[in-house]
Amino acid sequence: MAAAQIPATGTTTDTDTTAAGTGTGTTDAAGRHGAPHGTPRGSSRGTARKVLWTLQILIALFLVVASALPKLVGEQNAVETFELIGWGQWFRYVTGVVELAGGIGLLIPRLAGAAATGLIGLMAGAALTQILVIEPAWALLPVAFGAVLALVARDRREQTRALVRSLSLSRSRRR
């Protein structure tokens, strides 16, 4: 962690370089505003980030192993579910690919925020499909996943902004 003193305000800027990625926070002399590490609230921030990474990993594993792979290999239950939905089997493959890409993206710190943002839309669609077509009680699972993914997207918003900036810069250089 690096710290820089800003003389006029007495504010310290801390840079958190945990396994979950980088982030910056500001603190005053009393350590307020939830700075990453080295302040009284920093340890709770580190714990929250570890819990969030654990949830991310569990959701990623679920998406890849229990949800995407059965769709992509044509497991009978997945085929029947998409017949019930009525959009055709092509939609099963698209959904499986999106789940696979999103699950992998959740495991890559630079991509985790963008993956979480995209997966929120997928979870909203899954919840609506459960409510309207399949079994309303099962809508709670994608809603819960969506809530966790919203926390991930919020926590990783700086990495997502940096990713968008780098993509914008590389696109403008090609012109």
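1. **Basis.** This is a predicted model, in which local features need pLDDT of at least 70, side-chain atom pairs count only at pLDDT 80 or more, and totals for chains, interfaces and linings use all residues. Residues are numbered from 1 along each chain as its sequence is written, and side-chain values use heavy atoms, with hydrogens and water left out.

2. **Fold.** The chain has six helices and three strands. Helices (H or I, at least four residues) and strands (E, at least two) are DSSP runs, numbered from the N terminus. Along the sequence the order is β-β-β-α-α-α-α-α-α.

3. Of the 175 residues in the chain, 34% are buried. Buried means under 20% relative accessible area, exposed over 50%, and partly exposed in between (1.4 Å probe, protein chains only). A contact is a pair of heavy atoms within 4.5 Å. Take the contacts between residues at least 6 apart in sequence: 48% of them join residues at least 24 apart.

4. **Core.** The largest nonpolar core holds 15 residues. Such a core is a set of buried Ala, Val, Leu, Ile, Met, Phe, Trp, Tyr and Cys residues joined through side-chain atoms within 4.5 Å. I59, L106 and L149 have the most contacts inside this core. Helix 1 (42-73), helix 4 and helix 5 (140-155) each supply at least two of its residues. Not counting residues up to four places away in sequence, L149 touches I59, L106, A116, L119, I120 and M123.

5. **M123.** This residue sits in helix 4. M123 has a relative accessible area of 6%, so it is buried. Beyond four places in sequence, M123 touches L63, P142, F145, G146 and L149. M123 and A139 are 16 residues apart in sequence; their C-alpha atoms are 9.1 Å apart.

6. **Q130.** Helix 4 also contains Q130. Q130 counts as buried because its relative accessibility is 18%. With residues up to four places away in sequence not counted, Q130 touches E135, P136, W138 and A139.

7. **E99.** What surrounds E99, leaving aside its neighbours within four places in sequence? E99 is in contact with L63, S67, A68, K71 and L122. E99 belongs to helix 3 (residues 89-106). At 6% relative accessibility, E99 is buried.

8. **Helix 2.** In helix 2 (residues 76-85), the buried residues are A78, V79, F82 and I85. They span an arc of only 120° around the axis, so they lie on the same side of helix 2. The arc is that of the directions from the helix axis to the C-beta atoms. N77, E83 and L84 are exposed on the other side. G86 follows helix 2 and has a positive phi, near 90°.

9. **Helix 4 against helix 6.** Helix 4 (residues 109-132) and helix 6 (residues 157-174) pack at about 95°, with axes 8 Å apart. Axes are lines fitted to C-alpha atoms, for helices over the stretch in contact; angles run from 0 to 180 degrees between N-to-C directions. The two helices are therefore roughly perpendicular. Angles of 65 to 115 degrees count as roughly perpendicular. Helix 4 contributes P109, R110, L111, G113 and A114 to the contact, and helix 6 contributes Q159, T160, L163 and S166. By class, four residues are nonpolar, four polar and one charged. Here Ala, Val, Leu, Ile, Met, Phe, Trp, Tyr, Cys and Pro count as nonpolar, Asp, Glu, Lys and Arg as charged, and the others, Gly among them, as polar.

Definitions and conventions
Parallel < 35°, antiparallel > 145°, perpendicular 65-115°, else oblique.
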